[in-house]
Each structure stands twice: as structure tokens, then as C-alpha cells.
Amino acid sequence: MNKPATLPDYTLPEERVPLYETEHLPAADVAALKAEIAELLKARGAVLVAHYYVDGHIQDLAEETGGCVSDSLEMARFGDQHDAETLVVAGVRFMGETAKILAPEKRVLMPAPEAECSLDIGCPPDEFEAFCKEHPDRTVVVYANTSAQVKALSDWVVTSSVALPIVESLDAKGEKILWAPDKHLGHYIQTETGADMLLWSGACVVHEEFKSKALFDLKALYPDAGVLVHPESPAAVIGIADAVGSTSHIIKSAQELPHDTFIVATDRGIFHKLRQRNPDKRFIEAPTAGDGATCRSCAHCPWMAMNELTSLAAMLRDESVMAANEIHVDPEIGRQAMIPLKRMLDFKV
Ligand code: 13P
Ligand code: SF4
């Protein structure tokens, strides 16, 4: 492998476009907003459930107020099991819908209910239903990053934490699988399990941008670095990884692997928790530039970044904003979607 003459140090903050609202806010304003939201959560009988990709201040607030910060599987589990009457979900829309499907009696609010996911957008329910009807002999397994309607059409919902063992167990029973929507995750699972899988052709705009050639070059600059990859990335990027898995698996691997430097191929929001848990280790963003780059996301989910402290506070202050930001799922769709979701939660790894 040729060592490149020079490559930017991806850790330099000067090179980064500011991502989150709090990067523009004075520290005193951030502290005041966090204190106000903590009070409002208490007053509203609400608990904050956040994903690892949202602003680190929202992640901290969730933990400080008895909520949770986690991957999408644990977000679903936490919302299902917690006894709060109101769940405030900081993430993208499918996460709020999942919380509502699992706990229809609870009020589910989102500071950014318009936050989408390219995988969800790329799998319209009517087209997906037609695809399923063409293949009635296949067990339908869908990724959690889908609408409630798509979940309602499935036999199993999975997240990247449990997709492998669930597909393995279906394969062991001789079942053929129809998989949607992420083609990269589907290809990875197919390769690992050898299962017969027919793949829908969706992709994540963030992970699809990681470039294997540029990653090889970066690895040449940091030969002792470990490489951590989310499986929504292309196969060539996954092929370079020392650990592949969900956001929580990436965080666990950074703690357990012996490397003191890691190149990380997933949304930048995860660096908050990685650095908190491993203050002595160095984390470098995997490159989204390089040959053939058309970077639209640059390792940054634009929808996750729509979750802001100011909108969270504005929502909790005002009943009419809460009503506008409430997540609703058609009760019949919700009943159907709950079945494959519960199957996932009940699955013993
Ligand atoms: P996790 O389930 O690994 O948290 O992933 C959710 C997601 O949207 C990744 O892009
Ligand atoms: Fe969807 Fe990708 Fe954003 Fe995750 S990072 S929410 S898969 S667009």
C-alpha cells in the first residue's frame, strides 16, 4: 500500500463545519436551556430518550435527567419499559414512531418531528407492499429505520444490534428472506450468515459516503489505529474494519480494543460518547472525501442535527407546540407493527 504524501488530520476542529446549534450558542445559554428543560421535563412527567447521533448536550441532558442515550434498539426498549406518561424522543422520526407503536398509551413528543431518515424515505410503503406480494414465499425482515406502515408489512423488525443473530436463526430454520431497506447492511448480513436474502436497494446518505480508498490512505497515516465501522457502510469500508456493528457496539469496541487511536466510520455525533468514555484515546473521522466523492452528508446526519435545545425547550414550554410535535400512528397500523417489533425485543441473543 502506498503511503500518501499528506492528508488532513480529520480531528482538527478548524476543518469542521459547525454541526449543532450549541456550537453557536454561548456556554451560559446552553447551561440555562439545559436547566430549564430539566425542570420542564419534571413538570410534564416526561423522560428524554436520545440517540448517540444528536447534539452531545442533549445526550448529557438525557442522562442527567434519568432518561437514556443509546442505540435505536435500546431507545425502543427504554421507552417501552419506562413508566413515564410522556416520552420525548430526540432522534429521527422512525424512533418516535417506534416508541409510539410500542407504547400507544403514552404521549410521544419529538423536538424535530420532521427529522427523516434516507432509508425510511427510500422505502415507500405502497412500493414495498407490491415487492412483498411478488415474493410471498419469503420472510419479510425490515430494518427499524422504516415507517410504521412498512413495519406493519413485516414479519420481523431488526436493528443493527440484533440483525445478524435474528437472520441467522431464520436461516437455520430454512427461511428465505426479503430484506429492506438498507442494501449495505443487507449485503453484510448476507455475507456473514450465508442466508438467502433478496435485498431492497436503499442506503443511508451518511454511511454510503465513506470511501474505502481514502480510508486505506488514512490508515496508512495511522497504521496502529483501529477502524470502527457501522454496517450501513459499503462492503469495501466494512472490509477494513476491526469492529463492525451498531452504535453501541462501536462504543463498546472502542473501550475493549487495545488501540489508543481509532478511525470511526459513522455519524460524528457518536464522538461525544466515544471521547467521554475514553478520554485518553484519540478518535479520527473516517474520510468521506476521495475518489468519486459526492459528499452530501460528510459523516453527519442532517436530520439528527435538527434536534436542538432551543426547540426542545420551546416545545416543552407550550402545550400547543407539544400538540403540534406529538407523534401519532394509525392504531391499526400500530397494532400490526407492534407484532414484529415485539418479536425483536423478545428475541434472546
Ligand atoms: P443504531 O441502531 O446502531 O443506533 O443505528 C441507527 C442509525 O440510524 C444508524 O445510522
Ligand atoms: Fe438514517 Fe443514516 Fe441518519 Fe441513521 S444516519 S438516521 S440511517 S440517514
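Predicted model: local features only at pLDDT ≥ 70, side-chain atom pairs only at ≥ 80, totals over all residues.
Local features need pLDDT of at least 70 and side-chain atom pairs count only at pLDDT 80 or more, while totals for chains, interfaces and linings use all residues. Residues are numbered from 1 along each chain as its sequence is written, and chains are lettered from A and ligands numbered from 1 in the order in which they are written.

Let's start with the helices (DSSP runs of H or I, at least four residues; strands are runs of E, at least two, and both are numbered from the N terminus). Helix H1 (residues 27-44) and helix H2 (residues 56-64) have axes that come within 11 Å and cross at roughly 35°; axes are lines fitted to C-alpha atoms over the stretch in contact, with angles from 0 to 180 degrees between N-to-C directions. On the H1 side, Val30, Lys34, Ile37 and Ala38 make the contact, and on the H2 side His57, Leu61 and Glu64 do (C-beta atoms, placed from the backbone, within 7 Å).

Next comes ligand 2. There are 13 residues around it, and Cys117, Ser118, Cys204, Val206 and Cys301 come nearest (a residue is near if its C-beta atom, placed from the backbone, lies within 6 Å).

As for strand S11 (residues 261-265), 4 of its 5 residues are buried, so the rest of the structure largely encloses it; buried means 20 or more other C-beta atoms within 10 Å of a residue's own, with C-beta atoms placed from the backbone. S11 runs parallel to strand S9 (residues 226-229), joined by 4 bridges, with Gly226 partnering Phe262. Strand S12 (residues 282-285) also pairs with S11 in the parallel sense, over 4 bridges (pairing takes at least two DSSP bridges). Here Val264 stands opposite Glu285.

Technical notes: Contact = placed C-beta atoms within 7 Å. Buried ≥ 20, exposed ≤ 12 C-beta atoms within 10 Å, placed from the backbone.
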